[in-house]
Amino acid sequence: DEAKHGSYRTKETILQIYDALAEAIRTGTPYQTPLYPSPATFAAAHPWSWRGMSMVLPEEHRAPLPQAYQYVVSVMIEMVMQAGGALSWATLRAATDLLGDREKLANLLKPLAGEVADEWLKLTGDRFDATLRFDQLSGLCYADRFAVTGQDPEHVVELLTLEKHVYFPHVRFDARIALAVAEELALAQPVNIPAEERKKVAALVSH
């Protein structure tokens with residue numbers, strides 16, 4: 001480093017981190033790592049790739065989950081996992097919005113999945129309640145299951161652990177098709193996030 005850049009960058013970075021840790025202890029504010037992805041995050045692992053898999057409905061019987069919040073939590077975790085452990089808040093928001101309108105999602109899915117879209121719509125499925133989305137995101141962050149990184153407007157939701165996550169085949173399939181459609185839509189139109197919501201998400205970065 002000294003020969004190429006005139007300074008020992010590794011040493012300087014370590015000292016800067018120690019200074020930041022000391023300042024966090026002194027002021028009582030949470031320390032935020034400059035590393036991205038964060039240590040031990042799923043984003044640093046080999047992603048679980050769903051894109052190359054055929055779209056086939058699960059064979060298991062489908063029944064909606066007992067409580068609306070359970071579906072919100074489960075499908076959000078599935079989406080971030082399927083994205084490799086890190087997903088932008090804009091994409092996560094767009095994908096979950098699609099699950100709030102099953103008829104619209106089925107129509108948008110047809111070019112990607114054909115008759116599977118109609119078969120999926122016939123099932124008695126859950127609808128995503130967007131009014132619960134931020135509270136559940138916040139709860140997952142404070143439970144150290146999610147972390148929000150980045151700066152406005154590029155906030156990223158990272159999956160920290162799959163502990164306590166229950167696998168539901170149909171919820172996983174919902175997450176997959178909603179992500180696929182959301183990615184297609186993002187190419188044509190950016191997601192508009194209200195300013196107040198951006199502030200609330202930004203507040204989770206320091207958690």
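Arg93, Asp97, Arg133 and Glu197 are joined in a network of salt bridges, a salt bridge being a side-chain nitrogen of Lys or Arg within 4 Å of a carboxyl oxygen of Asp or Glu. The model is predicted, with local features requiring pLDDT of at least 70 and side-chain atom pairs counted only at pLDDT 80 or more, whereas totals for chains, interfaces and linings use all residues. Residues are numbered from 1 along each chain as its sequence is written, and side-chain values use heavy atoms, with hydrogens and water left out.

Asp97 lies in helix 4 and Arg133 in helix 7, so the pair ties together parts that are 36 residues apart in sequence. Helices (H or I, at least four residues) and strands (E, at least two) are DSSP runs, numbered from the N terminus. Arg133 counts as buried at 5% relative accessibility, while Asp97 is partly exposed with a relative accessible area of 36%. Here buried denotes under 20% relative accessible area, exposed over 50%, and partly exposed the range in between (1.4 Å probe, protein chains only). Arg93, found in helix 4, is buried at 12% relative accessibility. Leaving aside neighbours within four places in sequence, Arg93 is in contact with Arg133, Asn192, Ile193, Pro194 and Glu197, where contact means heavy atoms within 4.5 Å.

Helix 7 (residues 133-142) has seven of its ten residues buried and is therefore largely enclosed by the rest of the structure. The buried residues of this helix are Arg133, Phe134, Gln136, Leu137, Ser138, Leu140 and Cys141. They pack against helix 3 (68-82), helix 4 (89-98), strand 2 (146-149), strand 3 (156-159) and helix 9 (195-203). Ser138, located in helix 7, is buried at 16% relative accessibility. Ser138 and Val148 are ten residues apart in sequence, and their C-alpha atoms are 9.4 Å apart in space.

Two non-glycine residues with positive phi occur in loops. Asp144 has a positive phi of about 60 degrees although it is not a glycine; Asp144 is found in the loop between helix 7 and strand 2 and is partly exposed, with a relative accessible area of 48%. Lys164, likewise not a glycine, has a positive phi of about 75 degrees. Lys164 is found in the loop between strand 3 and helix 8 (169-188), and at 69% relative accessibility Lys164 counts as exposed.

Helix 5 (residues 102-113) and helix 6 (residues 115-122) pack at an angle of about 155 degrees, with their axes 7 Å apart. Axes are lines fitted to C-alpha atoms, for helices over the stretch in contact, and angles run from 0 to 180 degrees between N-to-C directions. Helix 5 and helix 6 are therefore roughly antiparallel to each other, given that angles under 35 degrees count as roughly parallel, over 145 as roughly antiparallel, 65 to 115 as roughly perpendicular and the rest as oblique. Asp118 forms a salt bridge with Lys110, the closest N and O atoms being 3.4 Å apart. Both partners are partly exposed, Asp118 with a relative accessible area of 32% and Lys110 with 36%.

A further salt bridge joins the side chains of Arg127 and Glu103 (2.9 Å, N to O). This pair links distant parts of the chain, with Arg127 in the loop between helix 6 and helix 7 and Glu103 in helix 5, 24 residues apart. Arg127 is partly exposed at 44% relative accessibility, and Glu103 is partly exposed at 37%. In total, the structure holds nine salt bridges.

The chain contains nine helices and three strands, which run α-α-α-β-α-α-α-α-β-β-α-α from the N terminus on. Of its 207 residues, 40% count as buried. Among contacts in the chain with a separation of 6 or more, 75% are accounted for by residues 24 or more positions apart. The chain exposes about 12,000 Å², of which carbon and sulfur atoms supply 54%; accessible areas come from the Shrake-Rupley method with a 1.4 Å probe, and for residues only the protein chains shown count as cover.
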